[in-house]
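Please consider the structure shown below. The paragraphs that follow lead through some of its helices and strands in turn.

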Amino acid sequence: MPIDHWISGARVPGASGRTAPVHDPATGRVTGEVALASVGEVDAAVKTATAAARDWRTSSLSRRAAVLFAFRELLHARTDELATIVTAEHGKVLSDAVGEIARGLENVEFATGVPQLLKGGFSEQAASGVDVYSIRQPLGVVAGITPFNFPVMVPLWMCANAIACGNAFVLKPSEKDPSASLFLAELWKEAGLPDGVFTVVHGDKEAVDALLDHEDVAALSFVGSTPIAKYIYERGTANGKRVQALGGAKNHALVLPDADVDMAADAIVSAAYGAAGERCMALSVAVAVGGVGDELVTAISSRLPKLTVGPGAAEGTDMGPLITREHRDKVAGYVAAGAEAGATVVVDGREQEVPADGFFLGMTLLDDVTPDMTVYRDEIFGPVLSVVRVDTYDEGLALINRNQYANGTAIFTRDGGAARRFQNEVEVGMVGINVPIPVPVAYYSFGGWKDSLFGDTHMYGPEGINFFTRGKVVTQRWPDPATSSVDLGFPRTR
């Protein structure tokens, strides 16, 4: 089945002659062929968006809010239908797909408050007869390049605020699971969004580079791996664009000796193996402090046999397949490398009974991992949890702060003082206290530090509004004509 672009409010077949297969990861079968856009197709799509942006930016805030409210209702009503599409192309279990959509909905709900969010400041009588006020204005055409692991939530992180602020938005979704983006496009149209304000262009590096180089694309938002995030940031900013590029992660959970081990084990298992570990906020390293290590490893390993690996659409499945056969094999290679480097393989996902078809891999637990091992250094993006043992809190903190990534982290403890110290001292952008996946709610902003973020603006929430707008300050005077005179001096406020 062909998977088309969405341009000017309608599906448009690809014209480049290039396509890529889309698989059902649970069976390995090809279920569609997605069009891969040429430079010319991207240019045509951006030109359509540019024309739409000129009209949309003049729309009232009330009209924009009304469209967002209508879109929110449609998305809420059709969540189950969209979740089925996500599971069919990504492989995650249906409940996880529903949860992803719910978190995306939060961002739409935040954006419905655009009349309040775009209020500026006003200072009357800043100087004699002079008023000063600030406004925020849209950029024009903005683009989003999004990853395979959240084909609904991450686009909504971007497009809801971008559209609310008066921009036209061009989405280049992952070519691995592209159908959800077309479903969103249809909902936007049904909600009353003018044609051309939301555009979907499928593609690979050729389409990405075309967006990065296009003179009419003012800003670009990206989520993906660190090497690509760096590339996006450097090429986009070199072309004068505003860029926010979120990269990879290696998220640590620091487990103190006083922690509720059962609660910590439940949380860590959920955060490490949910969505087959294909989350940038997954916990991939458990740092056991002092004597808690043996108890923690036992608690985690005892939970894994109770979890079912299978097709995401099947009832009772806890973890689905990985996105591609190549990625599954790469993750399995990391398990082998960890064992060869001296890690203790407590649970080996390669030996777990899984469906013969599809891109499945069981859950792996590695103990006695050290920072020099590739299983610790690299972002694996799969169902592999490493346990690193340290003697003290200070040693664990230093381990986390030395890591090149700084996306998310968590601490498990009953000690409020230790938790408060950790939140102040850890050099990571998002922190959970007895919360394993500290993804901020929509009215805060998402983003890490170090190699997990390129650019100085986090995603969605208040910083998202600022990213998709430009500030302008207006100084005005309406003098009485009877008292007006020429004054060549510097304007005075005193």
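A residue is called buried when its relative accessible area is under 20%, exposed when it is over 50%, and partly exposed in between, with a 1.4 Å probe and protein chains only. Helices (H or I, at least four residues) and strands (E, at least two) are DSSP runs, numbered from the N terminus. The model is a predicted one, in which local features need pLDDT of at least 70 and side-chain atom pairs count only at pLDDT 80 or more, while totals for chains, interfaces and linings use all residues. Residues are numbered from 1 along each chain as its sequence is written, and side-chain values use heavy atoms, with hydrogens and water left out.

Helix α12 comprises 17 residues, 325-341, and spans 25 Å from its first C-alpha to its last, close to the 24 Å expected at 1.5 Å a residue; the expected span is 1.5 Å times one less than the number of residues. Its buried residues are H327, R328, V331, A332, Y334, V335 and G338. Viewed down the axis of α12, these buried residues fall within an arc of 145°, so they line one face of the helix; the arc is that of the directions from the helix axis to the C-beta atoms. An α-helix has 3.6 residues a turn, so residues three or four places apart point the same way. On the other side of α12, the exposed residues are E326, K330 and E340. The buried residues of α12 pack against β16 (364-367), α13 (374-377) and β17 (384-390), where contact means heavy atoms within 4.5 Å. Just after the helix, G342 adopts a positive phi of about 115°.

Strand β16 contains T364. T364 is buried, its relative accessible area being 0%. Neighbours within four places in sequence aside, the contacts of T364 are Y273, V335, V347, D348, G349, R350, P383, V384 and L385. Among these, V335 is one of the buried residues of α12. A polar atom of the T364 side chain lies 2.8 Å from the backbone nitrogen of G349.

In α3 the buried residues are T79, L82, A83, V86, T87, E89 and H90. The elements that cover them include β1 (2-3), β4 (19-23), α2 (61-77), α4 (94-111) and α7 (179-190). After α3 comes G91, with a positive phi near 105°.

Attention now turns to a sheet. Three strands form an open sheet in the order β6-β7-β23, with antiparallel pairing; two strands pair if DSSP finds at least two bridges between them. β6 (122-127) and β23 (469-477) stand at the edges with a single partner strand each, so one side of each is left without a neighbour in the sheet. β6 is joined by three bridges to β7 (residues 130-138), the two running antiparallel, and S123 has V132 in β7 as its bridge partner. Nine bridges pair β7 with β23, again in the antiparallel sense, and P138 has T469 in β23 as its bridge partner.

The hairpin of β6 and β7 has two residues between the strands, and G129 in the turn has a positive phi of about 75°. S128 also lies in the loop between β6 and β7. With a relative accessibility of 66%, S128 counts as exposed. Its C-alpha is separated by 54 Å from that of C280, 152 residues apart along the chain.

Methods
Polar contact = N/O pair within 3.5 Å; in protein donor to acceptor, adjacent residues only side chain to side chain.
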